[in-house]
Amino acid sequence: MSVAAIGQPVSRVDGPDKVRGTARYAADFTLPGLAHAAVVQATIPQGRITALDDSLARSAAGVIAVISHVNAPRLPYRPFQDRPLVDPQSGDQLRVFQADRVLFNGQPIAVVVAETLEQATLAATLLRVTYTPERAITQFDEARDLLKPPPASASKPTDLGWGDADAAFAVQPLRTDSSVRQPNEFHAAMEPHATVAAWDGDRLTLYDKTQWVDNDRDEIAHVFGIPPEHIRVISPFVGGAFGSALRTWPHVTVAALAARVAGRPVKLVLTRRELFSAVGYRPLTVQRVRLGADREGRLAALIQEASAQTSIYEDYSESVVDAPAMLYATANMRSAYRVVPMNVNSPCPMRAPGTATGVLALETAMDELAEAAGVDPIELRLRNYAETDPHKNLPFSSKSLRQCYALGAEAFGWTNRPPKPASRQEGSQLVGYGMATAVYHTNRAAASARATMLADGTALVQSAASDMGPGTYTAMTQVAAETLGLPVAAVRFELGDSELPKAPVHGGSMTMASVGSAVQAACLALRDKCRSLGGNAEGIEGYRALLGRHGLDRLSADGQAAPGDEARRFSMYAFGAVFAELRIDPELGTLRLPRLLGAYAAGRIVNPTIAHSQCIGGMVGGIGMALTEQGMWDPRFGRVMNASLADYLVPVNADVPKLDALFVEEQDPHVNPLGVKGLAEIALVGVAPAILNAVYNATGRRIRELPVTPDKLLL
Ligand code: MOS
C-alpha cells in the first residue's frame, strides 16, 4: 500500500493538544513538594557587590533559601573541549553566583526559593544590595573605537573579499554609499523561559524551554561537573523561541542550583521584564554598503562594513557578511564585520541571525542603485543575477530566484508600481511599492531517530528534536507515515527528551533536512525489517498481522542521517522575493501596510499549509523589524527601558495586512535525501528592506534607521 503524506496539507497533529491546553510547556510541569524561585537582578551595569544583606528576605514568610555569591556552592564550570556551536566561540560564559562582579544590568545576583511564587517574589524585593559601581560601556556610539574582529569561522566569516573593491569602486560611473542602523530586537516569544529542576540524589531532571535538549543536558553537566548521563532534559513543547532557546542561559543553572540547595524540586519562570536581560536578543548593528556599477547598473564593486554590539564577557558574532557576498555577481568585493563590547547581556541568534541584517543593508543599497541606474529594481537584480556562487565559487544545488521574482511580481501587480518616488497620492496618502530579495542557507547536521512498529499496527517514531512552533511534530509524522506506508493518524512522533535518539539543534532552519532525513532512514530500516519477516506487510492491518504472526509486541529500527559531501560540491540556499505596498500620510507620519507578499523557492514542500504558516509568521517578524521593534536603553543604567510587551511593540493584528506566501516548485536532488531546504528563517529576510524601499517609493526619502516610526517620517 502506498500512502502519499509528504506534500499533503495535513493539519497539525499537535493542534488538538494545544487547543485543549493539554500540551505541556516547561512551566506547566509540577512535582510533589515543588518550591518556587524568584531571581534578583543587578541594578548597575558594571561594578562590584560590596554588601548583600538577605536577613529580611530570609525571615519572610515561606522562604526556604536565599542563594547569592555569598553562600552559593562553588560550581566547577568545566571548560568544553569543543564549545557548543550555539555558544559564542570566545570569552567566558556568565558564571552564576560565583563572584561579586557585575557585568551588566539585569545579571542574576541572587535567587529566593519559597513555598509559593508570591512569597518568593515578595522576598526577592527584600534583599539589600550595595554596589561599588564602575565606569560602564552603555552607549554603542561612544564605544565604537573599541570595535574588534570577533573570532572568524567558516559559518561566521568576518572578512571576505576578492578583486580590489576599493579601487574598482573609485572608478565606477554609478556609485551609492548608504548606511543603515538597526536597534536591538527581542525574541518576545509568548512562552517565557522557564525551568523546573528536580534532583534525585546526584541525578537531575530538567523540564526546560529549549531548542536543543541534548545540549541543555551537556551544558548543565559541565556547569555542575557531573556526567551528562545523570541529567535528563524534557521539553515536549516550546511556545516560540526564534533563537532565544538555542543556548542554555544562566537561569537554567539558577534553577538547578536552587533545587539542590533547597533540597526540593524548584520551578523558575522568568518574568516578562526579566526576559529582556536574562536571555539574548538581536544585536544593535550599524552597516555601510557601497556599490559601484557601470551605467547599466551592473555591479563592479561591493563594499560592506558592519559593526554590532556584543557583551564584555563573550564575543557573540553572526554571519552578517555571508549572504551579501553570494547574492549578486560582482568582480570585486570586500566586507568587514566587527563587534563592539558593551556592558550588556550577550546577544544571541534571532530568526535569520546575520542574514536578515546583512540583506537589509544590501537590498536597500540595491534599491538606491536601481534609482541611480534608472532601471526597475527587479531588472537591476536580474542584470546582476549570480548564476554560480561568487563567494564559494560553486554551482548552486538549485536556484529558482528568477522564478520567485516573476511569480511574486505577477501576483503582486508589480507593474503598477509608481515609477517615480513620491508620485502617487490617493486621498491624503502617498502610495509606494518596494521589493527585496530573500535568501537563507540550507544546512543540515547529523541526526538519528528510532521507528517502532507496535502490535496494533501503528508506529511510534522518536528523536530528541524540538518543535518551537514550525510543525516538527506534523512534518515528521508525514515523513514517517509515507515511508512506512501508514496513514498519518497511525503514526505518533515523540520529541523533546534527551533520552531519545540524538538530534541536532532546532535552529538554522535545518530540522526538516536533518531530523527528517533521519526519520526517513529509521522508517526505511523498519520497513525492511518488517519485509524480511515476510511479505509486503504495509498498512495498519498488514503490520498488525505481521507482528501477530511472529508473536512480537513491538519491532524497532534506528536510523541515522548525516551530511555527505554536498556542501563541498554545491552552494545551497533557499531564495525568495518579497513585495510590499505602503500608504503613508505625510502630514501625520502614519504608515499603513496594506499588502505584503513573498514568493519562495525552498526545495520540496513537505506540508503546504504549515509552510504557508511558517512564511506568513516569519513575514510578521519582518514587519516588526521594519516598523515597531526596538530595545530602548537608558545609557545611565545600561538597562532596557521598554522591557514589557506594552512598550516593546510587536505587530498586532491591526498592523498586519493581507499576507501571502507563494511557492515555486523546486526539485533539488543534492541538498539532502528529502530534497527539502529550510523554510523558516528566510521568511523574515527581505521584509524590512522591501518595506524601507517602499517608504522611499512613497515619499522619496531614505530612512536609515529602523524601525520606521512616524517621527522619522515627519522629520
Ligand atoms: Mo533560529 S535563530 O536558528 O532559532
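Good morning. I begin with helix H16, residues 608-628: its 21 residues reach 29 Å from the first C-alpha to the last, close to the 30 Å expected at 1.5 Å a residue. The expected span is 1.5 Å times one less than the number of residues. Helices (H or I, at least four residues) and strands (E, at least two) are DSSP runs, numbered from the N terminus.

The model is predicted, with local features requiring pLDDT of at least 70 and side-chain atom pairs pLDDT 80 or more, whereas totals for chains, interfaces and linings use all residues. Residues are numbered from 1 along each chain as its sequence is written, and side-chain values use heavy atoms, without hydrogens or water.

Let me stay with H16 and turn to its packing against H17. Their axes (lines fitted to C-alpha atoms over the stretch in contact, with angles from 0 to 180 degrees between N-to-C directions) come within 8 Å and cross at roughly 50 degrees. H16 and H17 are therefore oblique to each other; under 35 degrees counts as roughly parallel, over 145 as roughly antiparallel, 65 to 115 as roughly perpendicular and the rest as oblique. On the H16 side, the contact (heavy atoms within 4.5 Å) is made by Met619, Gly622, Ile623, Met625, Ala626 and Leu627, and on the H17 side by Val687, Ala688 and Ile691. By class, these are eight nonpolar, one polar and no charged residues. Here Ala, Val, Leu, Ile, Met, Phe, Trp, Tyr, Cys and Pro are nonpolar, Asp, Glu, Lys and Arg charged, and the others, Gly among them, polar.

The next pair is H5 (residues 213-224) with H6 (residues 250-262), whose axes come within 11 Å and cross at roughly 55 degrees. That angle makes H5 oblique to H6. From H5, Asp216, Ile220, Val223 and Phe224 meet Val252, Thr253, Ala256, Leu257 and Arg260 of H6. This contact divides into six nonpolar, one polar and two charged residues.

How are H12 and H13 oriented relative to each other? H12 (residues 472-484) and H13 (residues 511-532) pack at about 30 degrees, with axes 9 Å apart. That angle makes H12 roughly parallel to H13. H12 contributes Thr472, Ala475, Met476, Val479, Ala480, Thr483 and Leu484, and they meet residues of H13 including Thr511, Met512, Val515, Gly516, Val519 and Cys523. The classes in this contact are 11 nonpolar, five polar and one charged.

Finally, the backbone. Most residues other than glycine have a negative phi, and most peptide bonds are trans. Phe242, which is not a glycine, has a positive phi of about 60 degrees. Phe242 lies in the loop between strand E11 (231-234) and H6. A cis peptide bond joins Leu706 and Pro707, with omega at about -10 degrees. Pro707 is found in the loop between H17 (687-699) and H18 (710-714). Thank you.
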